[in-house]
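Keep the sequence and the model side by side. The walk below goes from a sheet to its helices, and then to some aromatic rings.

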Amino acid sequence: MPPSVPRWSELRATLERAERWLLPGSCLICGETVRARRTGFPQGALGAAERVAREARCCRVAPSAPEGNPAQAPPDHDPLLCAPCTNRFAPLPYPQCRSCGQPLAPGIPCRLCAEWPKAFGGVESAVWLDDTARRAIHLLKYEGWRRLAEPLADTMAKRITALGTERLAAGPPDHLTLVPIPLSAARYRHRGYNQSAVLAEALGERLGVPVAEALRRRRDTATQTALTPEARRANLAGAFEAPGRPPRHAVLVDDVFTTGATLAEAAAALLEAGARTVTGVTFARAVRPLADATGTLSSR
């Protein structure tokens, strides 16, 4: 290789740093100036956090954070969200349902996941779907900002590494496979990408876990935004199939958990095809009244 090539590479890197300094980016949510930062989540970080999962295994109390950084962080990159906005993401409180991850009042059983397949459970959501998280999801899904999957995956990875793989499957990280929820063909053509798939790819890079698109839609379904929980289940019934051999321990990946109907139906398709365990992880969870999960109001 000619000696001028590395010099040009060094010059390009210098010019990129100068551009960031002279023309810093703006946060997509609040518009404030943001500077390049490190994510703090290297590839393959999941295994190093296994030792901190013990306290969350049985009763899902708040786990302690892993100590230190298991490896070097990835190179600086141009962030799309500022630190104050990412810090405003609100994590879910404890205690939570061991199956669906819904926050609960102590001593009150969860009824949100009562009709889920028995072999499906262990869903984690990183944050509440508040105004900040909702705006980030909207940008990712509808405005073409695919690279927003990176900071959202950072938040998801922090949640997962704090809990360890025992919340995701009965096995070490090299036994897990991330499976994104598929889009219908019509929505894929309209958006040009599947937001769950780009989230899964970004999350897989941070955790050192493979990704397999093991599901597909059998049919298009109506948008679920305004549907009741019962209508969501009916809308999604039989909507997914696993055409090949599914992963042994599948972890479904989606952007938002609303009622869990999408995850439950996708899990049923994987289990029917031969998956041993199916769990799930989402970036955000829609805020639901406590009574919706416990049924306390309906009994009055």
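Two strands count as paired if DSSP finds at least two bridges between them. By that rule, this predicted model has an open sheet of 4 strands, in the order S3-S8-S7-S4. The pairing is parallel. S3 and S4 (176–180) stand at the edges, and each has a single partner strand, so one side of each is left without a neighbour in the sheet. Direction ignored, neighbouring strands of this sheet are turned by 25 degrees against each other on average.

S4 pairs with S7 (residues 249–257) in the parallel sense, over 5 bridges. One place to look is Pro 180, whose bridge partner in S7 is Val 253.

Another is H7 (residues 195–207), touching S4, S7 and S8. For H7, the angle with the direction of S7 is about 120 degrees.

S3 and S8 (residues 277–285) run parallel and are joined by 6 bridges. Phe 120 has Val 278 as its bridge partner in S8. How much of S3 is buried? The strand is mostly covered, with 8 of its 9 residues buried.

Next come the rings. A pair of aromatic rings is described by the distance of the centres and the angle of the planes. A search of the whole structure finds 3 aromatic pairs. In one of them, the rings of Phe 89 and Phe 283 have centres 5.2 Å apart and planes at 80 degrees, so this pair is edge-to-face. What does the pair tie together? Phe 89 lies in the loop between H3 and S3, while Phe 283 is in S8, so the pair links parts that are 194 residues apart in sequence. Phe 89 and Phe 283 are both buried.

Phe 120 returns here. Ring pairs link Phe 120 with Trp 116 and Phe 257 into a cluster. Phe 257 also has a charge over its ring: the charged end of Arg 285 sits there, 3.8 Å from the ring centre.

End in the loop between H3 (83–87) and S3 (120–128), where Pro 95 lies. Most peptide bonds are trans. Which form does the bond from Tyr 94 to Pro 95 take, cis or trans? That bond is cis, with omega near 0 degrees.

How values were computed. Residues are numbered from 1 along each chain as its sequence is written. This is a predicted model: local features need pLDDT of at least 70, side-chain atom pairs count only at pLDDT 80 or more; totals for chains, interfaces and linings use all residues. Side-chain values use heavy atoms; hydrogens and water are left out. Helices (H or I, at least four residues) and strands (E, at least two) are DSSP runs, numbered from the N terminus. Buried means under 20% relative accessible area, exposed over 50%, partly exposed in between (1.4 Å probe, protein chains only). Rings of Phe, Tyr and Trp (its six-membered ring) pair if their centres lie within 6.5 Å; planes under 30 degrees apart count as stacked, over 60 as edge-to-face and the rest as tilted. A charge sits over a ring if NZ of Lys or CZ of Arg is within 6 Å of the ring centre and within 35 degrees of the ring normal. Axes are lines fitted to C-alpha atoms, for helices over the stretch in contact, and angles run from 0 to 180 degrees between N-to-C directions. Contact means heavy atoms within 4.5 Å.
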